[in-house]
Amino acid sequence: MKLKTAILAATIGLAGIQGASAAEKDIIDTAVEAGQFKTLAAALDAAGLVTTLKGAGPFTVFAPTDEAFAKLPAGAVEGLLKPENKQKLTEILTYHVVPGKVMAADVAGLDEAKTVNGKAIDITVDGQSVKVNDASVIKADIAASNGVIHVIDTVIMPPEG
């Protein structure tokens with residue numbers, strides 16, 4: 001009986017690895033697997049937000065790429081990752097998350113969206129081009145089990161105050 005259980009568990013595990021689509025993985029696992037969000041993953045970890053974004057959601061995440069983080073002034077990322085800057089980092093990261101699942105098609109009628117940190121982001125649609133504040137959406141509608149990821153080319157900063 002133990003052998004049958006072990007074989008069944010192994011088979012299910014292999015099927016999960018080989019047949020898992022992005023929609024079967026949560027936002028964190030989907031982003032990590034993409035390989036272009038290492039800085040975002042490190043920042044989410046430093047801010048203690050990984051568990052939240054692995055939760056039920058749904059969430060819409062405007063995910064800056066590693067290249068987007070590289071556009072920040074020298075030393076900015078390293079500074080934000082320090083424990084004493086956790087509050088500021090959390091404010092920035094939660095400014096990239098909108099509650100609910102907002103697909104690209106849903107954005108057409110919006111000019112702003114309220115983020116998890118309580119402040120609104122501006123949304124501009126010009127033909128096929130979508131901007132969130134000053135960031136361009138370079139890839140939209142990456143499905144995850146608990147929401148959707150839209151890839152952006154710039155880290156957006158919440159307004160002060």
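Mentor: A residue counts as exposed when its relative accessible area is over 50%, and as buried when that area is under 20%. Keep in mind that this is a predicted model.

Trainee: Asp134, then: buried or exposed?

Mentor: Exposed, because its relative accessibility is 64%. Asp134 lies in the loop between β5 (129-132) and β6 (135-144).

Trainee: Which residues gather with Asp134 in the patch of negative charge?

Mentor: Asp111, Glu112 and Asp122 gather with Asp134 in that patch on the surface.

Trainee: What about phi of Asn133?

Mentor: Phi of Asn133 is positive, about 55 degrees, although the residue is not a glycine. Asn133 also sits in the loop between β5 and β6.

Trainee: And where is Asp141?

Mentor: In strand β6. Asp141 is not a glycine either, yet its phi is positive, near 60 degrees. With a relative accessible area of 32%, Asp141 is partly exposed, as that class covers values between the buried and exposed limits.

Trainee: Changing topic: which residues does the cis peptide bond join?

Mentor: Gly57 and Pro58, with omega at about 5 degrees. Pro58 belongs to the loop between α4 (50-53) and β1 (59-64).

Trainee: Now helix α7. Which of its residues are buried?

Mentor: Helix α7 covers residues 86-94, and its buried residues are Leu89, Thr90, Ile92, Leu93 and Thr94.

Definitions and conventions
Residues numbered from 1 in each chain as written. Predicted model: local features only at pLDDT ≥ 70, side-chain atom pairs only at ≥ 80, totals over all residues. Heavy atoms only, no water. Buried < 20%, exposed > 50% of the residue type's maximum accessible area, 1.4 Å probe, protein only. Helix = DSSP H or I, 4+ residues; strand = E, 2+ residues; numbered from the N terminus. Patch = residues over 30% accessible without salt bridge, like charges linked within 9 Å, V, L, I, M, F, W, Y side chains within 5 Å. Areas by Shrake-Rupley, 256 points an atom, 1.4 Å probe, with all protein chains shown as cover. Salt bridge = Lys/Arg side-chain N within 4 Å of Asp/Glu carboxyl O. Lys, Arg positive; Asp, Glu negative; His and termini not counted. Charge placed at Lys NZ, Arg CZ, Asp CG, Glu CD.
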